[in-house]
Amino acid sequence: MSFFINFTPDLVVESPGRINLIGEHTDYNLGFVLPTAIDKKITLKLRKNNSSNCNVYSLDNEKSVTFSLDKIEPSKQSWENYILGVLHEIQLLTDKLSGFDCVLNSSLPIGSGLSSSAALECGLAFGLNELFNLGLSKTQIVNLSRAAEHNYVGTKCGIMDQYASVMSKSGYVIKLDCRSLASEYIPLNLGDYKLLLLNTNISHSLADSEYNTRLQECLTGVEAMKTLYPYMASLRDADQEMLTAVKDTISTTVFNRCNYIIEENDRVLKASEALTQGDLTSFGVLMYGSHDGLQHKYEVSCPELDFMVEYSRTKEFILGSRMMGGGFGGCTINLIHKDAIEKYITEVASAYKTKFNIELDAYIAMPDHGTMLKTL
Ligand code: ADP
Ligand code: MG
């Protein structure tokens, strides 16, 4: 297939990855998160091809694929399901979709917890909406992209990644209530500090199965609390007192998982307050608290992430550090003084290499706006 050679698009979409400052694993418990899109993105070039076929080529994995719009079904090739899932979900909403060609490439590390998956889904949905005047709202784009990940990829993710990718505004983080989808844009004034991502460059295969186990464990906790508090719908409605009241009826593991989620929701609210007041020191302390909970209570960290966070603790120019994303690999996010960044990267990369024999990647994440058309 060579459609992508001398490709002249009708339109170009830039769809960003995201960071989450704090609030990990709270989204599918219908709690709070604090994400923003970043300046690393997937670029999708799209054009109509006046057929009923869709041709997609990724410059990143150097793979191409063709589907007929008359027969959209899940594929054995994982990456194709992000695309097929989006097409399927759009077809449930409208019959205006027609054949297209798409070439995509990414400045976003793939599979590192920066949500290249949501960037891909949302970018494609956003682009097709424009290309074929589908009339979908941004909220519909967010929801259908998430549904694509649930139904075609099989990851039962919360709403955060897609929401942040589409709805972010430059210079703000979103305090997102994952139950009501009410959002508050909180100005992100970091002064002399920056958000540094350190990529462990590993992804343990545990991630998917453990994710689904955590989901179940949280539901078990909710079921137990419902016996005493029938109005409870999710861990979002729980507090420590309610959890303690059912302690004897649940396992220590389930107790710890719920305990972490309750604390983490609270941390997000405190962190939003700290950011609003420009109190970066308190914000950093909450980041460390988040990591401790993820490591010891929710147990989704790994030695590589823990090493990186531990390493930062003795550095006075780092205010906070924690693993970011689902866990078992990916990145840590660090609030670090701008003057110390270069030296610190060299130092921590060398220590990481010595300990694990793995190269470290480092990126400064600049908060940025959500999915947009690029002017040609
Ligand atoms: P993350 O969302 O943190 O990057 P995921 O495992 O959720 O990690 O999603 C990564 C997957 O998304 C890739 O393995 C691939 O299937 C798909 N994907 C994302 N970006 C691209 C791309 N530019 N080209 C092809 N596939 C991509
Ligand atoms: Mg993802």
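Tutor: Let's start with a term we'll need: a residue is buried if 20 or more other C-beta atoms, placed from the backbone, lie within 10 Å of its own, exposed if 12 or fewer do, and partly exposed in between. This is a predicted model, so local features need pLDDT of at least 70 and side-chain atom pairs count only at pLDDT 80 or more, while totals for chains, interfaces and linings use all residues. Residues are numbered from 1 along each chain as its sequence is written, and chains are lettered from A and ligands numbered from 1 in the order in which they are written.

Student: Okay, why is Ala-37 called buried?

Tutor: Ala-37 has 35 other C-beta atoms within 10 Å. The cut-off is 20 or more, so the label is buried.

Student: And what makes Ser-64 partly exposed?

Tutor: Ser-64 has 16 C-beta neighbours inside 10 Å. That falls between the limits of 12 and 20, so Ser-64 gets the in-between label. Ser-64 sits in strand β5 (residues 63-68), and Ala-37 belongs to strand β3 (residues 35-48).

Student: How do you know what counts as a helix or a strand?

Tutor: They're DSSP runs, numbered from the N terminus: H or I for at least four residues makes a helix, E for at least two makes a strand. By that count the protein has 10 helices and 14 strands.

Student: Why is helix α4 called largely enclosed?

Tutor: Eight of the eight residues in α4 (residues 160-167) are buried, so the rest of the structure largely encloses it. Among them are Met-160, Tyr-163, Ala-164 and Ser-165.

Student: Which residues does Ala-37 contact, leaving aside neighbours within four places in sequence?

Tutor: They include Pro-16, Arg-18, Ala-164, Ser-165 and Asp-368. Being in contact means that the two C-beta atoms, placed from the backbone, lie within 7 Å. Across the protein, 72% of the contacts with a separation of 6 or more link residues 24 or more positions apart.

Student: What are the domains, and how do you know their bounds?

Tutor: The bounds come from an automatic or database domain assignment. Domain 1 is 2-188 + 369-374 and domain 2 is 193-364. Their C-alpha centres lie 25 Å apart, and 28 residues of domain 1 are in contact with 35 residues of domain 2. On that side of domain 1, β1 (11-20), β2 (32-33) and β7 (172-177) are the elements that give two or more residues.
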